[in-house]
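Q: I'd like to learn how to read a structure feature by feature. Can we go through one together?

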Amino acid sequence: MSALLPFLALDQTSEKVQAWVNEKLTGAGFRVVPTFDLQVARTAHPDCSCPHHGTDECNCQMIVLLVYDKQDDPVTLVIHGQDGKTWLSLATPVRTRSRQSLESSVRNVLVPRHPLPPSSIEATYESRSAG
């Protein structure tokens, strides 16, 4: 079981946030590997309506990324978007905290403690503590 608590909420589409996340993390030396995309998975089920919108015109998105540094074990970053808002979470097994340093590094790249002047995507974020 994993704890999935958002640490960052953005008033941007998930597509823009995914591009921003990839740019920030790869620029900081991480390797980012996409492993799941909800909209791609939905193409196999064209008659399935969205539980949030009640139609097949769903703009919900969930993207799962594995983020690697020089260590072998990655952290799992989840991008969840809906209706022009996007949330970032780190999916961590509740009983495993061995990747805490890598998780902190990823959070610090995406939510710096002393940010430089914000880009358009950074200007709209609301930081949330993961506990």
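Q: Does serine 105 count as buried, partly exposed or exposed?
A: The idea is to sort residues by relative accessible area: buried is under 20%, exposed is over 50%, and partly exposed is in between (1.4 Å probe, protein chains only). Serine 105 has 30% relative accessibility, so it goes down as partly exposed. Before we go on, this is a predicted model, where local features need pLDDT of at least 70 and side-chain atom pairs count only at pLDDT 80 or more, while totals for chains, interfaces and linings use all residues. Residues are numbered from 1 along each chain as its sequence is written, and side-chain values use heavy atoms, with hydrogens and water left out.

Q: Which helix holds serine 105?
A: Helices (H or I, at least four residues) and strands (E, at least two) are DSSP runs, numbered from the N terminus. Serine 105 belongs to helix 3, which covers residues 100-110.

Q: How many helices and strands are there in the protein, then?
A: Three helices and seven strands. Walk along the sequence and the pattern reads β-β-α-β-α-β-β-β-α-β.

Q: What separates the C-alpha atoms of serine 105 and leucine 25?
A: Serine 105 and leucine 25 are 80 residues apart along the chain, with 9.7 Å between their C-alpha atoms. Alanine 28 gives another case: 77 residues from serine 105 in sequence, and 9.6 Å from C-alpha to C-alpha. Alanine 28 itself is in the loop between helix 1 and strand 3 (31-37), and its relative accessible area of 44% makes it partly exposed.

Q: What percentage of the contacts in the protein joins residues 24 or more positions apart?
A: A contact means heavy atoms within 4.5 Å. Take the contacts with a separation of 6 or more: 64% of them are between residues 24 or more positions apart.

Q: Which residues does threonine 86 touch?
A: Leaving out residues up to four places away in sequence, the list includes Leu8, Leu10, Val17, Ile79 and His80. Threonine 86 is in strand 6 (residues 85-93), and at 0% relative accessible area it is buried.

Q: Which backbone nitrogen does the side chain of threonine 86 reach?
A: You're looking for a polar contact: a pair of N or O atoms within 3.5 Å, where within protein one must be able to donate a hydrogen and the other to accept it, and residues adjacent in sequence count only if both atoms are side-chain atoms. The threonine 86 side chain gets to 3.1 Å from the backbone nitrogen of serine 14. Serine 14 also turns up with cysteine 60: their C-alpha atoms are 8.7 Å apart, across 46 residues of sequence. Cysteine 60 sits in the loop between helix 2 (38-42) and strand 4 (61-68), and counts as buried at 5% relative accessibility.

Q: Which side chains meet in a salt bridge?
A: The rule asks for a side-chain nitrogen of Lys or Arg within 4 Å of a carboxyl oxygen of Asp or Glu. The count is one salt bridge, and aspartate 11 and lysine 85 form it, at 2.7 Å from N to O. Aspartate 11 is in the loop between strand 2 (6-10) and helix 1 (14-27) while lysine 85 is in strand 6, so the pair links parts 74 residues apart in sequence. Both ends are partly exposed: aspartate 11 at 42% relative accessible area, lysine 85 at 40%.

Q: Where does arginine 31 lie?
A: Over the face of tyrosine 68, at 4.2 Å from the ring centre. A charge sits over a ring if NZ of Lys or CZ of Arg is within 6 Å of the ring centre and within 35 degrees of the ring normal. Arginine 107 does this too, with its charged end over the ring of phenylalanine 7, 5.5 Å from the centre.

Q: What is phi of aspartate 83 near?
A: Most residues other than glycine have a negative phi. Aspartate 83 has a positive one, near 55 degrees. Aspartate 83 is in the loop between strand 5 (75-82) and strand 6, and is partly exposed at 46%.
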